[in-house]
Amino acid sequence: LPSKEDACSHTPIKVRGIHTYMCVPEEAYAAAVRSIFSNADYSGAATRYKNPQECWTRFEALLDRLGRPGAALHVVHIAGTNGKGTTSALCEAMLRESGVRVGLFTSPHLHCFRERIRIDGALVSREAVVAGMARVSAAAEAVGGASPFEKLTALALLCFDAAGVSWAVLETGLGGRWDATNHFSPRVCGVTRVGLDHVNVLGSTVREIAGEKAGILKRGVPAFSVAQAADAAEVLRAAAAAAGTSLTTEESMPPLEASLPAGAAPPAWLSPPHQAANASLALAMVGSLAQRGLLPDKPAARGRALVSTRWPARYESLSPRALRGGKLLLDVAHNEPAVRALAAVVSGEGGSGDAGGVGAVAVVCGANRDKDLPAILRELAALWPRASVAVAVASSHPKATPAEEVARAGAEAGGAPGAGAPPPPWRTAASMLEALEVAAAATPPPQLVLCCGSVFVAAGKCEG
């Protein structure tokens with residue numbers, strides 16, 4: 001549901017090409033958002049694609065009904081398992097710094113639904129959401145329905161057209177081949193790290209999942225990829241060859257540091273190796289656009305964007321009052337490969353040092369029912385030699401695993417493999433604030449509290 005931040009501003013606004021509103025009441029905006037998710041499946045029991053061609057054709061019909069929104073946009077398309085949001089946000093910022101108008105479409109959101117659709121860096125207006133959903137809902141009914149993500153994609157395209165942007169950065173929702181964002185011929189494609197997630201839909205192996213992600217590659221559209229596991233790399237190379245396009249991999253991309261302004265250091269949230277790789281990917285993609293004359297070539301502007309961009313809850317360091325001087329490290333890592341990369345950095349094995357200068361570590365963890373909780377806990381075990389306590393918490397999301405189940409699974413998962421360290425005691429908390437208080441009470445200073453396991457747990461921690 002919409003947050004308090006989404007309340008009506010009573011500010012006159014004109015939404016070109018849709019309608020003009022003086023003010024959208026909070027009820028109208030809330031109803032528009034509810035209509036998007038009215039047919040969402042929160043059971044976590046989704047299975048392998050069923051009738052994907054039928055869904056593809058239906059979305060084509062929906063776009064036709066709406067007048068083919070987004071047809072004139074220059075699209076930057078990004079797929080992958082982890083790092084899509086970071087890469088998308090950096091691409092958008094670099095495009096904007098280069099002097100073009102740009103829309104950004106990502107998912108999910110942390111606090112406010114409107115975070116999913118941004119116009120020139122600003123959240124889309126409530127007025128545009130209400131006006132756009134009036135059109136999308138009518139068109140969806142006419143073509144026999146649409147999934148929540150199809151409705152979201154159509155809404156984003158309508159908002160981008162209405163705002164008059166010329167570029168759009170589109171993050172895939174799930175997979176790539178059959179994704180609603182894949183109905184366009186982009187100017188450049190990027191693939192972030194591919195790993196095991198959404199296995200019930202995309203396939204049970206990295207090779208199968210990579211095949212779905214590779215579905216965004218198209219003839220004549222330059223493609224870029226971070227370093228991949230061997231199976232994923234092989235699939236992407238074969239897909240690029242079959243599509244008749246180039247595939248530039250991470251070892252051929254400029255390092256993050258080489259593109260920063262003189263004397264500038266990477267922002268802390270981009271310091272972990274996996275985040276630096278995402279930044280290099282974004283740099284290579286936008287640099288390719290400039291080299292081909294599609295964008296003003298402004299290397300300094302791209303460097304400024306790297307320094308100034310923030311993407312919350314990605315290796316984000318906070319100092320909440322509840323920790324009484326301690327540090328909270330917040331990350332949306334919510335699957336096995338993402339938690340593995342995060343735990344390596346926090347334990348000091350991943351080439352970054354944000355955990356330096358602290359002693360004991362407390363872990364706050366939650367997960368959704370459709371995630372591999374035992375795998376997430378196995379990766380967190382790398383932190384158990386330093387951990388004083390682990391606190392299980394559930395977000396307010398309908399798919400959240402109850403805190404008691406998380407704690408029980410954590411206790412059963414055991415200690416760190418080969419390290420001889422038993423797991424820390426597991427506690428449960430009824431709220432994000434209580435989880436911080438439990439962690440602070442059990443962890444001697446200087447302390448670090450790591451919160452991960454779910455986008456929605458991270459969002460709640462920001463709010464707490």
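Predicted model: local features only at pLDDT ≥ 70, side-chain atom pairs only at ≥ 80, totals over all residues.
**Entry 1: conventions**

I count two strands as paired if DSSP finds at least two bridges between them, and I take helices (H or I, at least four residues) and strands (E, at least two) as DSSP runs numbered from the N terminus. Residues are numbered from 1 along each chain as its sequence is written, and side-chain values use heavy atoms, with hydrogens and water left out.

**Entry 2: the whole protein**

I looked up the overall make-up and found 15 helices and 16 strands in the protein. Of the 464 residues, 56% are buried, where buried means under 20% relative accessible area, exposed over 50% and partly exposed in between, with a 1.4 Å probe and protein chains only. The accessible surface of the protein comes to about 18,200 Å², and carbon and sulfur atoms hold 53% of that surface; the areas come from the Shrake-Rupley method with a 1.4 Å probe, and for residues only the protein chains shown count as cover. For contacts (heavy atoms within 4.5 Å), I noted that 78% of those with a separation of 6 or more join residues 24 or more positions apart.

**Entry 3: the sheet of 8 strands**

I traced an open sheet of 8 strands in the order E6-E5-E4-E7-E3-E8-E9-E10, with mixed pairing. Its edges are strand E6 (122–123) and strand E10 (247–249), each of which pairs on one side only.

Which residues of strand E8 cover its two faces? On one side I found Val188 and Gly190, on the other Cys189 and Val191, and all of them are buried, so that both faces of E8 (residues 188–191) are covered. Strand E3 (residues 74–79) runs parallel to E8 and is joined to E8 by 4 bridges, with Ile78 standing opposite Gly190.

**Entry 4: backbone in the loops**

I keep in mind that most residues other than glycine have a negative phi, and that most peptide bonds are trans. In the loop between E4 and E5 I came to Pro108, and the peptide bond from Ser107 to Pro108 is cis, with omega near -10 degrees. Asp120, in the loop between E5 and E6, is not a glycine and yet has a positive phi of about 50 degrees; at 26% relative accessibility Asp120 is partly exposed. His198 lies in the loop between E8 and helix H6 (199–202), has a positive phi near 55 degrees, and is partly exposed at 28% relative accessibility.

**Entry 5: helix H4**

How far does helix H4 reach from its first C-alpha to its last? H4 (residues 126–143) has 18 residues and reaches 26 Å, close to the 26 Å expected at 1.5 Å a residue, the expected span being 1.5 Å times one less than the number of residues. Its buried residues include Arg126 and Glu127, as well as Val136, Ala139 and Ala140. Gly144 follows H4, and its phi is positive, near 100 degrees.

**Entry 6: the sheet of 6 strands**

I then followed an open sheet of 6 strands, in the order E11-E12-E16-E13-E14-E15 and again with mixed pairing. Strand E11 (316–318) and strand E15 (426–428) are its edge strands, each pairing on one side only. Neighbouring strands of this sheet are turned by 25 degrees against each other on average, direction ignored. E11 pairs with strand E12 (residues 327–330) in the antiparallel sense over 3 bridges, and Ser317 stands opposite Leu329 in E12.

**Entry 7: cysteines**

How many disulfides does the structure hold? I found 0 disulfides, a disulfide being a pair of cysteine sulfur atoms within 2.5 Å. Among the cysteines I checked, Cys91 is buried at a relative accessible area of 0%, and Cys159 is buried at 5%.

Conventions:
Axes fitted to C-alpha atoms, helices over the stretch in contact; angles between N-to-C directions.
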